[in-house]
Amino acid sequence: MPLDETDRRILRALQQDGRLQNVELARRVGLSPSPCLRRVRLLEDAGIISRYVAVVDQAKVGLQLSMFARVSLTAQDAETIDHFIAAMKRLPEVVECYIMLGESDALLRVVVSDLADYRRFQSTHLTRKNGIQTVKTDVPSETIKQTFALPL
């Protein structure tokens, strides 16, 4: 689906506040409510808007740390990769998982309460049973920017 500037204005507004009522959204993007709602429905139907979520402050719910784990797999065959992917999808602590090209096979962002919690998670889940050969963990010292909005 090709996007015009009005679609992009709708997407930018919804990325800032997904709870906008249609009347307010229409006002912000310069449309009347009916055409605005129709455009939003088209964006949803096309899968451009895939879902609406609440962004939760992880520290305020007791999850103080985001850890980045660079993973090397035991093998590069489809079965090993598929097994690893399925295992990572089941773990709520893994909030982002990327199959990589380069030095590591995968990159994970793991959210935990503290270092002891991460150590338990790593020794339980980041193991050979899930197709993992090695894990190198990076600990960020400060979050400078974190956004879910795409540059439209």
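This report describes the sheet, the helix packing and several individual residues of a predicted model.

The model contains an open sheet of 4 strands in the order 2-3-1-4, with antiparallel pairing. Strand 2 and strand 4 (132–138) stand at the edges with a single partner strand each, so one side of each lacks a neighbour in the sheet. From one strand to the next, the twist averages 20°. Strands of a sheet pair through backbone hydrogen bonds, in either a parallel or an antiparallel manner.

Strand 3 (residues 106–112) has 6 of its 7 residues buried, so it is largely enclosed by the rest of the structure. Strand 1 (residues 65–73) pairs with strand 3 in the antiparallel sense over 7 bridges, while strand 2 (residues 94–99) is joined to strand 3 by 5 bridges, again with the strands running antiparallel. Arg109 of strand 3 can be followed into both pairings, being the bridge partner of Phe68 and also the bridge partner of Glu96. A further position is given by Cys97, which stands opposite Leu108 in strand 3.

Two helices are placed against this sheet. Helix 4 (residues 78–89) packs on the sheet and touches strand 1, strand 2, strand 3 and strand 4, its direction making about 160° with that of strand 2. Helix 5 (residues 115–125) lies across strand 1, strand 2, strand 3 and strand 4, and runs at about 165° to strand 4.

**The hairpin of strand 2 and strand 3**

The hairpin formed by strand 2 and strand 3 has 6 residues between the strands, and within the hairpin Gly102 takes a positive phi near 135°. Met100 also belongs to the loop between strand 2 and strand 3. Once neighbours within four places in sequence are left aside, Met100 is in contact with Asp105, Ala106 and Leu107. The C-alpha atoms of Met100 and Val71 are separated by 9.3 Å, although these residues are 29 residues apart along the chain.

Two packed helices are described by the angle between their axes and the distance between the axes.

| Helix pair | Axes come within | Crossing angle |
|---|---|---|
| Helix 1 and helix 3 | 11 Å | roughly 80° |
| Helix 2 and helix 3 | 9 Å | roughly 100° |

The crossing angle of roughly 80° makes helix 1 roughly perpendicular to helix 3. That contact is made by Thr6, Asp7, Ile10, Leu11 and Leu14 of helix 1 together with Cys36, Arg39, Val40 and Leu43 of helix 3. By class, the contact of helix 1 with helix 3 has 6 nonpolar, 1 polar and 2 charged residues.

Helix 2 (residues 22–29) and helix 3 (residues 33–45) cross at roughly 100°, which makes helix 2 roughly perpendicular to helix 3. Here Asn22, Val23, Leu25, Ala26 and Val29 in helix 2 meet Pro33, Cys36, Leu37 and Val40 in helix 3. The classes for the contact of helix 2 with helix 3 are 8 nonpolar, 1 polar and no charged residues.

Asp7, which has its place in helix 1 (residues 5–16), counts as buried at 4% relative accessibility. Not counting residues up to four places away in sequence, Asp7 touches Met1, Pro2, Arg39 and Leu43.

The structure holds 1 aromatic pair. This pair is formed by Tyr118 and Phe121, with 6.4 Å centre to centre and 35° between the planes, and it is tilted. The label applies because planes under 30 degrees apart would count as stacked and those over 60 as edge-to-face. Tyr118 and Phe121 both lie in helix 5, 3 residues apart, which is about one turn of the helix. Tyr118 is buried, with a relative accessible area of 4%, and Phe121 is buried, also with a relative accessible area of 4%.

Ala87 is found in helix 4 and is buried, with a relative accessible area of 3%. The C-alpha atoms of Ala87 and Ala149, 62 residues apart along the chain, are separated by 28 Å.

Notes
Residues numbered from 1 in each chain as written. Predicted model: local features only at pLDDT ≥ 70, side-chain atom pairs only at ≥ 80, totals over all residues. Heavy atoms only, no water. Phe/Tyr/Trp six-rings, centres within 6.5 Å; stacked < 30°, edge-to-face > 60°. Buried < 20%, exposed > 50% of the residue type's maximum accessible area, 1.4 Å probe, protein only. Axes fitted to C-alpha atoms, helices over the stretch in contact; angles between N-to-C directions. Parallel < 35°, antiparallel > 145°, perpendicular 65-115°, else oblique. Contact = heavy atoms within 4.5 Å. Nonpolar A, V, L, I, M, F, W, Y, C, P; charged D, E, K, R; others polar. Pairing = 2+ DSSP bridges.
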